[in-house]
Amino acid sequence: MFMVFSFECKHFTTCAFAGVLQVSGMRVYTSGDVEAVNGTDVRLKCTFDSSAKINPELVIVSWTFKPLSGGRVDSVSHYQQKPYLPPDGIFKKRVHWAGDIMGSDASIILREVKFIYNGTYTCQVTNPPDVHGPVGEIRLRVVKTASFNELLYLVLAIGGGIAAVVFCLIVIVSCRRCKRKHRQRQLEGDEEVPRKERKDPTAW
């Protein structure tokens, strides 16, 4: 985020206020560190927030990759009215556009990741007149097996889903039983009323 001052500030509050006015309206948000198992698909999430109205005809999204071992920066994906995917290189047929420009989403999916995909991915978004702003970064780590934390999260997610389903079933069954008991009580009450109204024939 860059701040540009056109005059000398004498007070801290004045400087801060003036600086905020000069800050670019484009903000990019990424997921930071991401871990993926070798051979699986991984979503590289990138969302943005622009002070200007989103114009799908003008928005440009650029994804680049720098290997963990260093070297040149390669283009991963480019979006301008439609996605342009790499025709060759290590990402050929391995990149899928998963974003929604009008939904402020510029995410992509990497198919069947390899160890050579270890590195830093950058997501840059421009939406004229918002053409300056920070670049979002994601550090991808491709591993042989899922880490303990990921397995724990997976188990908790599955367990939580099962618990939610069981709870819903219990609630549904309980409601049905309550309705049945209520109907049975109503029927018993309707049968008792006529019995009380019957007269004893020997009373005559």
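Colleague: How many disulfides does the structure hold?

Modeller: The structure holds one disulfide. Before we go on, please note that this is a predicted model, where local features need pLDDT of at least 70, side-chain atom pairs count only at pLDDT 80 or more, and totals for chains, interfaces and linings use all residues. Residues are numbered from 1 along each chain as its sequence is written, and side-chain values use heavy atoms, with hydrogens and water left out.

Colleague: What makes C46 and C123 a disulfide?

Modeller: A disulfide is a pair of cysteine sulfur atoms within 2.5 Å. The sulfur atoms of C46 and C123 are 2.1 Å apart, so the pair meets that definition. C46 lies in strand β4 (residues 46-49) and C123 in strand β10 (residues 119-126), so the bond links distant parts of the chain, 77 residues apart. Strands here are DSSP runs of E with at least two residues, numbered from the N terminus.

Colleague: Why is this disulfide called left-handed?

Modeller: Because the torsion about the S-S bond of C46 and C123 is about -80°.

Colleague: Which strands form the open sheet, and in what order?

Modeller: Three strands form it, in the order β3-β9-β8, with antiparallel pairing. Two strands pair if DSSP finds at least two bridges between them. Three bridges join β8 to β9 (residues 108-110), so these two strands count as paired. In β9, L110 is the bridge partner of V95.

Colleague: What makes β3 and β8 edge strands?

Modeller: β3 (42-44) and β8 (95-97) each pair on one side only.

Colleague: Which residues touch the most other members of the largest nonpolar core?

Modeller: Among them are V61, W63, L110 and V125, in a core of 30 residues. A nonpolar core is a set of buried Ala, Val, Leu, Ile, Met, Phe, Trp, Tyr and Cys residues joined through side-chain atoms within 4.5 Å.

Terms used. Helix = DSSP H or I, 4+ residues; strand = E, 2+ residues; numbered from the N terminus. Buried < 20%, exposed > 50% of the residue type's maximum accessible area, 1.4 Å probe, protein only.
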